[in-house]
Amino acid sequence: MTQAAVDEALMKRALAEGARGRTSPNPHVGAVVARGERIISVGHHEGAGLDHAEVDAIQNAAGDTAGATLYCTLEPCNHTGRTGPCTEAVIAAKFARVVIGCADPSPPRPGAVAKMQAAGIEVVTGVLEADARALIADWAHTQATGLPYVVLKAAVTLDGRIAARTGDSRWITGEASRAEAHRLRDQCDAVLVGVGTVIADDPSLNVRHVEGRDPVRVVLDSELRTPPGAKVVTQPSSAPTWILHGTDAPAERRAALQRDGVELLEVALEGRRLDTAEALRALVSRGVVRVLAEGGSKVHGALLRAGLAHEAAIFVAPKLLGDAGAIPLADAGPLGRIADGWRLLDPRIRVLGTDVLFQGALAGPSSSAVL
């Protein structure tokens, strides 16, 4: 194999390692220590406050790093945060080469590459850069905007309905789709619904059909109409329930929900509804990077209308309701032309039992992507 081919192969291994961990509000990062084609150790960032991927890989190499090559999906940090600078650990490990997937889009302290080069280390950048950037896309978006990366999720009939006019939605899709939806929950920091969904469906919003951890359960509820007996209030979970409400929510409802252990976050109103962007910023202030927006129709519509949904995962079942009064996937307001709608860019299409999952980045009518 040529050196370039070796570098790509080992960067792929680092990318696979980087997908591990629960890193928010930090990025996913993976690392590999190798001599030629032989892997000595791998490492990843497991979570905020824990060792970064480079340090994890160095420690796992048990001292066998002098003259070796370090592959890391993201440029090593060059500052002291909860942990020390990775550049210093890399230099101390006496690597001959460092191969980097992508540069840090906004490093707190620039100069990582120059610092390693000054120490005599050969540095190669941009290996499988697109894949490396995709690994940190949600984190990079939050760093740049102060808003979380939002995945809009829905299960719909062939005529685009998420529920009958009565609110009944169980079950539109089959077991395979529901299991995949729970994997999506496991991959996100928070799952978001409106109070209408809580009242109509009484969802648990936890992870059940696959092995994983519960996301934070978030309800948009300007007037605190969430019933005290709702599952998001009463059902035990390793994750908290946060209800975002308006400034004039009744004091007695606040007190009742707080007694049940719910955390209440006050958000500015936009008319009679919560300011969508401010609600999302409130989540980022608490360490949330990736949000799964499960609805309902008004929440999906508000996110689309404001350009705040960045990806979609739409499960389509081979069913028809045939009722114009049934509830649509999103209510984003009137549109006069097909060209004014949203679309998925390069969608990934999977068959799940008798259902089909469409997943990809969202694009609006006047942009290449809603980012």
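A polar contact of 2.5 Å joins the side chains of R22 and D186. Keep in mind that this is a predicted model.

Start with R22. R22 sits in the loop between α1 (3-18) and β1 (30-35). Is R22 buried or partly exposed? R22 has a relative accessible area of 38%, so it counts as partly exposed. Setting aside neighbours within four places in sequence, R22 is in contact with E46, G47, A48, D186, Q187 and R213. R22 and H45 are 23 residues apart in sequence, and their C-alpha atoms are 8.2 Å apart in space.

Next is R185, in helix α7, which covers residues 175-187. The relative accessible area of R185 is 8%, and buried means under 20%, so R185 is buried. What does the side chain of R185 reach at 2.6 Å? That is the backbone oxygen of N206. The R185 side chain also makes a polar contact of 2.8 Å with the side chain of E294. Again leaving out neighbours within four places in sequence, the residues in contact with R185 include V191, L205, V207, R208, P215 and L292. R213 is in contact with R185, and R213 is also in contact with R22.

Last, helix α11, residues 276-284. D275 caps the N-terminal end of α11, with a side-chain oxygen 3.2 Å from the backbone nitrogen of A277. Which residues of α11 are buried? They are T276, A277, A279, L280, A282 and L283. An α-helix has 3.6 residues a turn, so residues three or four places apart point the same way.

Technical notes:
Residues are numbered from 1 along each chain as its sequence is written. This is a predicted model: local features need pLDDT of at least 70, side-chain atom pairs count only at pLDDT 80 or more; totals for chains, interfaces and linings use all residues. Side-chain values use heavy atoms; hydrogens and water are left out. Buried means under 20% relative accessible area, exposed over 50%, partly exposed in between (1.4 Å probe, protein chains only). Helices (H or I, at least four residues) and strands (E, at least two) are DSSP runs, numbered from the N terminus. A polar contact is a pair of N or O atoms within 3.5 Å; within protein, one must be able to donate a hydrogen and the other to accept it, and residues adjacent in sequence count only if both atoms are side-chain atoms. Contact means heavy atoms within 4.5 Å.
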